[in-house]
Amino acid sequence: MLTQSFTFRWKVRSCVRGVLSTLPMIAYSHVGKSFAGRGTERVTAVDDVSLEIAEGEFLAIVGASGSGKSTLLRLTNRLIEPDQGRITVESEDVQAADPVGLRRRIGYVFQSGALFPHMSVADNIGITPKLQGTPADKIATRVDELLELVQLRTADYRDRFPHELSGGQRQRVGVARALAARPRIVLMDEPFGALDPLTRDALGDDYRALHRKLNLTTVMITHDMTEALVLADRVAVMRAGKLLAQGTPAELSKNQDGYVAELLRTPRRQAERLNALLPGDGAT
Amino acid sequence: MSFLTDPRWGEAFAHLADYLGNHVRVSVAALALGLLVSLPLAIAARQRPVLRTALLAVASVVQTVPGLALLALFYPLLLALASVTLAWFGFGFSAFGFLPAVLALALYSMLPVLRNTITGLNGVDGELIEAARGVGMTPRQSLFAVELPLALPVIMAGIRTSAVWVIGTATLSTPIGQTSLGNYIFAGLQTQNWVLVLFGCFAAAVLALAVDQLLALIENGLRARKRARTALGSFGIAALVVATLVPALARPASSYAIGAKTFTEQYVLAALMADRLRAAGLSASSRQGLGSSVIFNALAAGDIDVYVDYSGTLWLNQFHRTDTPPREKLIEELKAELEKQHITLLGELGFENAYALVMPKQRADELGIRSIADLASHAATLSIAGDYEFFSRPEWGALREAYGLPFKAQRQMQPDFMYAAVASGEVDVIAGYTSDGLIAKYDLSALDDPRHAIPPYDAIVLLAPKRAGDEKLKAALQPLLGRIDIATMREANLRASGNDAAASPEAVARWLWQRIENH
C-alpha cells in the first residue's frame, strides 16, 4: 500500500521534470578519483561515474560507507579535485570556475551540521552572504527569513550558540546556512543520519517542501534506501566507486543487479512487516 | 627592630614604581615582539612538517640556554651590529639595556607560543575546516574566521606560559643595563641585603601571578565563550600597561645616568656620586649591577654618563696591555688611551682596589706565608676561590706566569661569600679585593706581590664622551677626587656589608660624605 502511493507521487514529479529545461543542472562525465592508500597502492573512491541531474530534481545517492558517494558529492563543488573526467554545474566546467565562488553559489549541508561552534546561530546562517560582502542589515533580514523558513522561531534562536541547540535544531540551522546565499543547487551529505527517527522524518518532509518551494536542485547522500525513496525524485546507487544503477523507484525495481534488488527489498520487507505488526495504521 | 618595621622596606618601596614600571615595559614589549614573530611562524609551519620540526627544535634549544647567558649574549651581538650599521648606513643604536633585553626575552618567549599555536591549529576539527571551505571561505578567511578562533584557548594557554617565563627571566636583564625588579635582587645579593632580595622576588612573583590570572581570565572567557570575562581580562592587562607607561611618560628623563658594577663598593660609590650631583642641582639616576665589560662599552656609547673603574682592570681587560709600568705612568698612558675614545679620566678617588690573594692571618703565619712567592710552594695542597670572572681575567694568568701557583682546586663564588668561606676554612686562599672591609673583619691578610704581577688598581672616575665638556658635572664630582683613602673605603665597605638599615648603599654613601667633609 505504501509503495502504491509512492508510485503515484513519482508519476506526478516525472511530469514536472519533463516540462523543465533539458540541459542538466549538474553533469558528471566519466569522473574518477583515487586516494593514496597504505604504502604505494592507491584506493579508487570514484570509478568512471557518469550521471546527470536535471534542474529542479531531487537526486539521492545511496551506498554503503566507502562506496564513493561522499567523494562524488565533494567533487561537485571542488572540495576535492577529480583525477579523470569532467563535471559541469549549470553547463560550466567546474575546473574552469573559481572554486571559492563555485562553493558560495552551491549550498552545502554537512553531516551533523558542522556549525561553527564559536558563532551564534545568526552568524552561522549569515556566513556566506557575509563572505559575499552583503550589508549587515540585509543579512539580518535574510537570517530572520531563513529561520522562519526552517521553522525555528526567530527571536528564540538567532543569538544562541550551536551547543545550546538540539541535534534537529542544529541541522535546521545547517539547512538555513546552505540556503542563505539563495543557491540554485544544494548538496547534502547524510544530513539527517544522526537524528532520531521522528526528527528525521519531520526534517526530511520540511526540506522536501523547501526544495519544491524554492525550485532547488538537490543532491543528497544517504546510506538509507527508505529515506532516499521517500524524499528523492530519482535514486542513484553506488558500490565500490561505481554507479550501479540510477532511476525512479519504478525504474530501479526493474534493475537486474542483485545488490540494487537487495537494497530495494529491505525497505519493502520492513514496511510489510510493520503493516502486519501495526494493523489499522493510517496507510489506507 | 622588628622585621616588618625595618626601614629598608620603605627604601625598597621608593624604587618600586621605577623598577616595576621598567619590568612591565620590557616584559610586555618582549612578549609582544615574541608573539608578532611566533604566531605567523607557527601558522606558516603548521602544514609544513620539516619547517615545524626545525622551528620547534630551534626554540627548544634557545630554551635550554640559561636566561642570564642569553641576555648577556645579546649585548656584544648588538654592539657589533650597531658598529656595522654606523659604518654602513651612518646610524648607530644603543646596544645597552632595553633593546638586548627585549630581543633576548622575545626569543625566550617563543617556544610555548609556537608549540601551542601549532597544536591548537592542528587540533581544530577537520569537519569544521571542510565546512569553512564548503560555505565559500578562502584559506585565509578560514584561518582567521574559523581555525584561529577555535584554536585560541590553546594559543592563550601558550601565551600564559610565555608571559610567566618572560616576567621571571626579565629579572636577569639588570646586568645588561635594563632596570627591572632584578635590580632589587642583584643589589640585595651584592650587599647581602636580604630584605631587598626578598622584596624583588616577591614583587616579580606577584606580577607574574597577576598577569597569569588576567590571561587565565581571557583564556577562560574564550573557552566558555563569555565575552565579559575576556573583556575584563583584556582590560586588566591594558590597565597594567597604561599604569606603567603613564609615569614613564610624565616623568622627565633624568639627565645623568650613573653606572655601577656588581659589587658593594660600586653601589656605595654610585650612591655617593648621585648625592653629589643632586647637591649640585643636577638630576641623577643609577644603572646598577652592570657587568664589568658591559659597563665600559655603555659609557663609551653614552648610555651611562659616569662610573668608577679601576686602572688595572682597564689596562688589562680593555686595552689588553701585558706590561706593568709604575702607577703614575700607567694612569698617564691610560688617560691617553681613553682620550682616543673621547672618554674623560676625571681623576683618582685616592684608594686602590686591587685583586689580592687573601688568607687567614693565623693560617698564613703558621705556614710562614707572607707573599705570593711563599704561597707558591704550598699551593699544591691548597684550594683557591675567586669571583665569577677572576679565573678568566688576565690577572690570574699573570699571577700564574709569575709564581706558578698549581692549586689543588679552584672554585667560583659570589664575592661576598668568599671572605666567610676562607675565614671558616672552606677554602684556603681567595682572590679578594684590597679595599674590602671584610679583610679586617675576618682577620685576614692580603699577601704581597713582590714580582708585581698584578698592576695597580686605582679607583678612577670616568666620564662619557658627551660629558667631556660638562663643567657642572665635573665640578660636582671634583670634591671626591683624592679624598677617599683605602682605610675609609674599607670601613665604608665593611659598613655596607652589614645586614641592617645602616648598611644600605645610600646610608653608607652619606656616612662617607661626612667623613670626606670632616677631613
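The contact between chain A and chain B takes 14 residues from chain A and 15 residues from chain B, two residues being in contact if their C-beta atoms, placed from the backbone, lie within 7 Å. On the side of chain A that touches chain B, α3 (99-104) and α5 (127-131) of chain A are the elements that give two or more residues; helices (H or I, at least four residues) and strands (E, at least two) are DSSP runs, numbered from the N terminus. That side divides into nine nonpolar, two polar and three charged residues. Here Ala, Val, Leu, Ile, Met, Phe, Trp, Tyr, Cys and Pro count as nonpolar, Asp, Glu, Lys and Arg as charged, and the others, Gly among them, as polar.

This is a predicted model, in which local features need pLDDT of at least 70, side-chain atom pairs count only at pLDDT 80 or more, and totals for chains, interfaces and linings use all residues. Residues are numbered from 1 along each chain as its sequence is written, while chains are lettered from A and ligands numbered from 1 in the order in which they are written.

Chain B contains 21 helices and 10 strands, and its C-alpha trace spans about 90 × 60 × 55 Å along the principal axes. An automatic or database assignment divides chain B into domain 1 (3-250), domain 2 (259-354 + 456-518) and domain 3 (355-446).

The C-alpha centres of domain 2 and domain 3 of chain B lie 25 Å apart. Their contact takes 17 residues from domain 2 of chain B and 16 residues from domain 3 of chain B. On the domain 2 side, α20(B) provides the largest share, six residues. By class, that side has seven nonpolar, six polar and four charged residues.
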